[in-house]
Amino acid sequence: MTESCLPEIAAGGSPLRLLIIEDDDVDRARVRHALAGTPFKFSATEAGSIREAREHLDGNEFDCVLLDYHVEGAIGSELLADIGALNDPHLPVVMITNHGDERLVAEDLQFGLYDYIPKEKLEADLLGNVLSNSLRRASLHREIHSQRARLQQLSLYDVLTGLPNRSLFFDRLDQALQSARRNAAAFAVLQIDLDLFKEVNDNFGHVAGDNVLVVAARRFRNVLRASDTVARLGGDEFAAILTGAETAQAALTTADKIGLAIREPIMVSGNRIQVGASIGIALFPDHATDADALVARAGRALSSAKNNSAGFAVYGAGMDTDDRPRLVASRLQKAIEQKELFVEFQPMINLTSRKVIGAEALVRWRSPEDGVVLPGSFIPMAERSSVIGPLTYAIFDLTLDQAKLWYDSAVPIPVSINLSARLLDDDQLPERVVRALESRGLPAPLLTLELTETALMSNVNQAKKILGLLSAAGVKISIDDFGAGFSAFKYLRELDVSEIKIDQSFTTDLRDGSRDNTIVRSIALLARGFGIPAIAEGIEDPMACNILRDLGCDKGQGYAIARPMPGEEFLDWLLRWELAAAPIDVIQ
């Protein structure tokens, strides 16, 4: 009963629901007579015993209780605790007392009694005032209780997602630790970051970012068990406690399910976007035995997970002092100076004519300590340091030097170079690329720069400016790994893109009727609609060339055509290919 309801009741609206607990017929009649003189319209239920009162209280709603101090020889105040437990802890109780009981009744005011009226003073005006004050006081108590509950909710739960917040997460973690120690059990802690979340905010706005967080929270809850805890620690950072995951394999299985769930596309403002999750795992008691250490080691595993293809990692002792990015950057700088880098080239063909139409340059590092190191082992860490600039320009020089040799041999093979998103921040990039081509006498259309969807969308305005200058100079632009990120098709209109390369995750399973077939066909149709070719990457089965061609792909590359090879071997391979297929397309 809120205060706003009182005038309505007084004016004859909804009747005031009263429970009169009185074992004397005459006294009950006096109470009814006094009530009839109040401004309240009321509906009264009568109980002549404590037992009957409890029965009425259990399952019925009342707005106020009028309770006799003596009921069947018992003290009516014994009901006070039952009233709160059986009905409503804020249900107001007004006691009707005999003369001489006032001092005893006053003590009950400390235990939930709202007010009292001596029987000799029971009349309409006093009863009306007592009821009004008691109802207002109950309304105030309920409002205070509601606000306290809301404040507790705010203090323990994330407002946006409804998940436990950092404070409640650590409270639950302490409980999990106590239970695990008591029962000699194990459990896992997961640290989770959403991949590409910054790009969602930057390109679609914070409302879209909030929508992604809400969807991600729902998917976390759907994957995890009711006994697990998943919390939002802040931003796109989440954490989970898997009380039933007693082994690394059990935690990895759950992490894999989380990753699959998060990667499902999300529609936001008409855009089909896709994010991922990087997950770090630490186990109690194998990796740590206190809350802070468990979370810290799950965080170190998360850092490692961001650098591997699986997207999740279990904590290992070597992660405690993970100076790999700094050490790799230092070693790469030396590798550039010592000319330890070299480039291999993987051919691309026209899937219809079988002609070779270009080659992708793939950097390798001939490390004195580790032998030949593939780019997946050092490029991600290089991108986290300033060495990515010198490294990229070193790859440019190696690739264009080889392209110059082919060009002078009258075999002008177009070359593609992967470009880091960080290079788009370099306003000198277009000038340096053009100067590198001109210094070798190479036509700009011989060069294609490949950027991932994520790179293009990390800073759209800057990308449009830099790529616009490169396109104006004649350099071609390719979107690599298309379909694995946002697939924000509107940017194909705004950026002068020359081709799209379909992510190889869609080209490895091309069974009849498979979902990947539909995705490849759709991307190929999209490319055709923009008047640009679609290239299929990762072709490992010779028969897949024909399937991809029939699905609408124009070009392809992969081990089924040729593995990456040194530049000096490329022309020999090309001659053998020509004998079996067709000559290379020549850039005019």
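User: In this predicted model, what share of the contacts in the protein chain between residues at least 6 apart in sequence join residues at least 24 apart?

Analyst: The share is 67%. A contact here means heavy atoms within 4.5 Å.

User: How many helices and strands does the protein chain hold, and what part of its residues counts as buried?

Analyst: The protein chain has 21 helices and 24 strands. Of its 588 residues, 49% count as buried.

User: What makes Leu16 count as buried?

Analyst: Buried means under 20% relative accessible area. Leu16 has 0% relative accessibility, so Leu16 counts as buried. Leu16 lies in strand 1, residues 16-21. The C-alpha atoms of Leu16 and Ala44 are separated by 8.1 Å, with the two residues 28 apart along the chain.

User: Why is His90 called buried, and where is His90 placed?

Analyst: The relative accessible area of His90 is 17%, so His90 is buried, given that the cut-off is under 20%. His90 sits in the loop between helix 4 (80-86) and strand 6 (93-97). Leaving aside neighbours within four places in sequence, His90 is in contact with Tyr114, Ala138, His141, Arg142 and His145.

User: Why is Ala184 called exposed?

Analyst: Exposed means over 50% relative accessible area. Ala184 has a relative accessible area of 73%, and is therefore exposed. Ala184 is in the loop between helix 7 (166-183) and strand 8 (187-195). Although not a glycine, Ala184 has a positive phi of about 50 degrees.

User: What makes Arg354 partly exposed?

Analyst: Arg354 has a relative accessible area of 33%, so Arg354 is partly exposed. Arg354 is found in the loop between strand 15 (341-350) and strand 16 (356-367). Arg354 is not a glycine, yet has a positive phi of about 70 degrees.

User: Which residues of helix 15 and helix 17 meet, and how do they divide by class?

Analyst: Leu429, Pro430 and Val433 in helix 15 meet Ile466, Leu469 and Leu470 in helix 17. These residues divide into 6 nonpolar, no polar and no charged. Leu, Pro, Val and Ile count as nonpolar.

User: At what angle do helix 8 and helix 9 pack, and which residues make the contact?

Analyst: Helix 8 (residues 197-204) and helix 9 (residues 206-223) pack at about 145 degrees, with their axes 7 Å apart. Phe197, Val200, Asn201 and Phe204 of helix 8 make the contact with His206, Ala208, Gly209, Val212 and Leu213 of helix 9. By class there are 6 nonpolar, 3 polar and no charged residues.

User: What makes Cys545 and Cys553 buried, and how many disulfides does the structure hold?

Analyst: The cut-off for buried is under 20%. Cys545 has 3% relative accessibility, so Cys545 counts as buried. Cys553 has a relative accessible area of 2%, so Cys553 is buried. The structure holds 0 disulfides; a disulfide would need a pair of cysteine sulfur atoms within 2.5 Å.

User: Where is Pro285, and what kind of peptide bond joins Phe284 and Pro285?

Analyst: Pro285 is in the loop between strand 13 (276-284) and helix 11 (291-305). The bond joining Phe284 and Pro285 is a cis peptide bond, with omega of about 0 degrees.

Technical notes:
Residues are numbered from 1 along each chain as its sequence is written. This is a predicted model: local features need pLDDT of at least 70, side-chain atom pairs count only at pLDDT 80 or more; totals for chains, interfaces and linings use all residues. Side-chain values use heavy atoms; hydrogens and water are left out. Helices (H or I, at least four residues) and strands (E, at least two) are DSSP runs, numbered from the N terminus. Buried means under 20% relative accessible area, exposed over 50%, partly exposed in between (1.4 Å probe, protein chains only). Axes are lines fitted to C-alpha atoms, for helices over the stretch in contact, and angles run from 0 to 180 degrees between N-to-C directions.
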